[in-house]
Amino acid sequence: MSTLRTTASGREYVLPAAPAVSAELAGYEIRRHYELPSQFYALWLDPTMAYTCALYEDGDELGRAQQRKLDWLARAAGVREGARVLDVGCGWGGMLQRLVQEHGVSEALGITISAEQARFARERCAGLPVAVLVESWEAHEPERPYDAIVSAGAFEHFARDRASREARVATYRQFFARCHRLLAPGGRIGLQSVAKGGARLDRQAIEDFRVVDEAFPESAIPWPAEILLASERHFDVRECVFHDQHYVRTISAWLERLAAVREQGVAMIGEERFELFVGYLEAARRRLLAGHATLMRLSLRRI
Ligand SMILES: C[S@@+](CC[C@H](N)C(=O)[O-])C[C@H]1O[C@@H](n2cnc3c(N)ncnc32)[C@H](O)[C@@H]1O
C-alpha cells in the first residue's frame, strides 16, 4: 500500500516499502517514475492516459491526437479484428482498451514494470479480454504467439545509461529476437521511441540531459541507426517516420495542463517532485526543438 505523509516540505507520496514485484524488477530504478499515484498522471494526461508523443492533425486537441497515435501504432502493427496483441510497456492501459473497443482484437495483453500501472490498467479494462502482467519483456514467455506487438515509449528504458553503443545494440537485438519469437509468421511491431538527434551539444543541452536523466534514471535514448541495426535479420523496416514536432506539441499541452492543476499535483506528490516533472518536460521540449532528440515511429515486419 502506498501512503501520503506530511513532511516539512508538504505532503508527499511514499512508495510502497515492499512493492509486489519480482526481485529482478526491484533493480529497475526507472520503476519509481511509474509507481507514482495514477491519480497524479490522470490530473494532466488526456483520458487515454497516454504518456508518449501524440499524433496531431489539424484541429486536434490532445485527447484526439493521442487516439490517432494509438490507431497509427495499431495499423503499423497490422492489427486486425480477432487478433491477439501484446503491448510492451502498456502504461495505464489506454492502448489495451482501444485495441479491444476500436480495433476488435480478441485478446490484448500488456506488460509493464510498474505494479501501480498494472493495477490501474486492470481496473480500467475490467470486463474486456485484457490481461496485464508486471513483467519485463526479457522475461515474457507467453503460451501462444501473438499476431501483433505494439510498444510506445518503453524502448528508451531497455538499455542502461552509459552503456556503450555495442552494449545498447546488443540489448535492442535481444528485444527484437524475442519479439521475433513471440510473433506468428507475418506479424508486425508498431514501435514508437524517442531517439537521439545529432545537434552539437552546448551548455544548455548538457544541463537538459542531466535533468531528463534525473527523471528517467537508468535509461538510454537510442540513436535511430541503432534501432534499425538491431532489428536486422529479424524484421524488415516497412515504415519509419520522424515526428519531433508532434512531441513538442504534446509536451506543450502537458505543461499547460500541469500548470492548471499545480495545487492538486503538489498535494499528491510534493513540491520538489512536481517541479522535477515541469523541469524535465521543459528540458525534453528544448531538446526536441534544438535537434538533440527526435521521435521515431516504425512499422517492422517479421522476417
Ligand atoms: C513512457 S511509459 C509509456 C506507456 C504507454 N505505452 C504510453 O504510450 O503511454 C513507458 C512504459 O514502459 C514500461 N517499461 C519500461 N521498461 C520496461 C521493460 N523492461 N519491460 C516492459 N515494460 C517496460 C513502463 O512500465 C511504462 O509502462
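Visitor: What puts two residues in contact here?
Guide: Two residues are in contact if their C-beta atoms, placed from the backbone, lie within 7 Å. Please note that the model is predicted.

Visitor: Then which residues of α4 meet α5?
Guide: On the α4 side they are Gln67, Leu70 and Ala74, and on the α5 side Gly94, Met95, Arg98 and Leu99. By class, this contact divides into 4 nonpolar, 2 polar and 1 charged residues.

Visitor: At what angle do those two helices pack?
Guide: Helix α4 covers residues 62-76 and helix α5 residues 94-101; they pack at an angle of about 70°, and their axes are 10 Å apart. The two helices are therefore roughly perpendicular to each other. In terms of handedness, α4 passes α5 in a right-handed crossing.

Visitor: Let us turn to the strands. What is their order in the sheet?
Guide: The order is β5-β4-β3-β6-β7-β9-β8, an open sheet of 7 strands with mixed pairing. The edges are held by β5 (130-134) and β8 (235-242); each has a single partner strand, so one side of each is left without a neighbour in the sheet. From one strand to the next, the twist averages 15°.

Visitor: In what sense do β3 and β4 pair?
Guide: Strand β3 (residues 84-88) pairs with strand β4 (residues 107-112) in the parallel sense, over 5 bridges. Within that region, Val88 stands opposite Ile111 in β4.

Visitor: Which helix lies across β4?
Guide: That is helix α6, residues 115-124, which lies across β4 and β5. Relative to β5, α6 runs at about 170°.

Visitor: New topic: the ligand. How many residues surround it?
Guide: The ligand is surrounded by 20 residues, of which the closest are Thr52, Gly89, Gly91, Gly153 and Ala154.

Visitor: What classes make up that shell?
Guide: The shell has 11 nonpolar and 9 polar residues, and no charged residues.

Visitor: Back to helices. How do α7 and α9 cross, and what is the angle?
Guide: Helix α7 (residues 165-182) and helix α9 (residues 224-231) cross at roughly 50°, and their axes come within 8 Å. The pair is therefore oblique, and α7 passes α9 in a right-handed crossing.

Visitor: Which residues meet there?
Guide: From α7 come Arg165, Arg168, Val169, Tyr172, Arg173 and Phe176; from α9 come Glu226, Ile227, Leu229, Ala230 and Ser231. This contact has 6 nonpolar, 1 polar and 4 charged residues.

Visitor: And α10 with α12: what is the angle there?
Guide: Helix α10 (residues 244-260) packs with helix α12 (residues 271-290) at an angle of about 155°, with the axes 9 Å apart. That makes α10 roughly antiparallel to α12. Here α10 passes α12 in a left-handed crossing.

Visitor: Which residues are involved in that contact?
Guide: In α10 they include Asp244, Tyr247, Trp254 and Leu258, and in α12 they include Phe277, Glu282, Arg285 and Leu289. By class, the contact of α10 with α12 has 12 nonpolar, 1 polar and 3 charged residues.

Definitions and conventions. Residues numbered from 1 in each chain as written. Predicted model: local features only at pLDDT ≥ 70, side-chain atom pairs only at ≥ 80, totals over all residues. Axes fitted to C-alpha atoms, helices over the stretch in contact; angles between N-to-C directions. Helix = DSSP H or I, 4+ residues; strand = E, 2+ residues; numbered from the N terminus. Parallel < 35°, antiparallel > 145°, perpendicular 65-115°, else oblique. Left-handed = near helix turned anticlockwise from the far one by under 90°. Nonpolar A, V, L, I, M, F, W, Y, C, P; charged D, E, K, R; others polar. Near = placed C-beta within 6 Å. Pairing = 2+ DSSP bridges.
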